[in-house]
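Dear colleague,

I am passing the structure below on to you, and my notes on what was found in it follow. Please read them with the model open beside you.

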Amino acid sequence: MGWLSRFIAAVAFLAIGVIFSPETLTSKSTTLSTYLKLAYLLSFSTAFGAALWVTFIGGIIMFKNLPRHQFGNLQSKMFPAYFSMVGACCAISVASFGYLHPWKTSSTTERYQLGFLLSSFAFNLTNLFVFTPMTIEMMKQRHKVERESNIGEEVGWSKNVEVAKSNPKLKAMNKKFGMIHGLSSLANIMSFGSLAIHSWYLAGKIDL
């Protein structure tokens, strides 16, 4: 299924949702805020779901089942798109939430929540423009050194650790890569944590 087909399918499901809740469109209270709430809800849920999957499920499964170089090359294509999408969703959530809760009239709790959304947005931008390019460049350099030692096509870290014991260059690159990748992972966790905190606030607002 192509991207256009998927988009049409998503719009169709949204239309079905309207059919099962016609009072939303016919109500006189339907205003700009209703559409902003929809944008906020869809954007936040997309960001939270994507972060949950990539951080705790998808990445771990790929690492445990793909040859290491193949895994790294896939991540180098996936992460820029991932951080771009989550960053865009966070931006929409911030804009919508900020409009619905103006700073001057918002409560302390609402100001904190806007701060959590902003922090998630900032962590994603940091990863997108700082840590991810650095990590990808270091990964490519390390792949080159590993290929010279005939490693990298295995699953897991065992051969890299073994060869690094007798290869000072690879050992130094592992250390530098680990530091940059660690900062990127920390920023990603902080971003997800900010969204998780906001999800608790959101759960308290939902009347089911």
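**Buried cysteines**

C90 counts as buried, because its relative accessibility is 2%, where buried means under 20% relative accessible area, exposed means over 50%, and partly exposed lies in between (1.4 Å probe, protein chains only). Before going further, please note that this is a predicted model, in which local features need pLDDT of at least 70 and side-chain atom pairs count only at pLDDT 80 or more, while totals for chains, interfaces and linings use all residues. Residues are numbered from 1 along each chain as its sequence is written, and side-chain values use heavy atoms, with hydrogens and water left out.

C89 is likewise buried, at 11% relative accessibility. A disulfide is a covalent bond between the sulfur atoms of two cysteines, and the search took it as a pair of cysteine sulfur atoms within 2.5 Å. Across the whole structure that search finds zero disulfides. For C89, the closest cysteine sulfur is the one in C90, and because 7.1 Å lies between them, they are too far apart for a bond.

**The nonpolar cores**

A nonpolar core here is a set of buried Ala, Val, Leu, Ile, Met, Phe, Trp, Tyr and Cys residues joined through side-chain atoms within 4.5 Å. The largest one has 21 residues, and those with the most contacts inside it are A47, Y82, V86, F97, L117 and L195. Two or more residues of this core come from each of α3 (32-65), α4 (68-100), α5 (108-148) and α7 (168-205), with helices being DSSP runs (H or I, at least four residues) and strands likewise (E, at least two), numbered from the N terminus. The most is given by α4, which supplies eight residues. Leaving aside residues up to four places away in sequence, V86 touches A47, A50 and N124, a contact being heavy atoms within 4.5 Å. There is also a second, separate core of eight residues, among them M138, I151, A164 and M173.

**Salt bridges around R68**

The structure holds two salt bridges, each defined as a side-chain nitrogen of Lys or Arg within 4 Å of a carboxyl oxygen of Asp or Glu. In one of them E146 pairs with R68, and the closest N and O atoms are 2.8 Å apart. This pair links distant parts of the chain, since E146 is in helix α5 and R68 in helix α4, 78 residues apart. E154 also forms a salt bridge with R68, with 2.9 Å between the closest N and O atoms. Here the link runs from the loop between α5 and α6 (158-164), where E154 sits, to helix α4, and the two residues are 86 residues apart. Through shared partners, R68, E146 and E154 are joined into one network. E146 is buried at 0% relative accessibility, R68 is buried at 4%, and E154 is buried at 12%.

**The surface**

L52, W53, F56, I57, I61 and I189 form a nonpolar patch on the surface, with about 540 Å² of accessible area together. Patches are made of residues with over 30% relative accessible area and no salt bridge, with nonpolar side chains (Val, Leu, Ile, Met, Phe, Trp, Tyr) joined within 5 Å and like charges within 9 Å; the areas come from the Shrake-Rupley method with a 1.4 Å probe, and for residues only the protein chains shown count as cover. The largest share of this patch, five residues, comes from α3. W53 lies in helix α3 and is partly exposed, at 48% relative accessibility.

With best wishes
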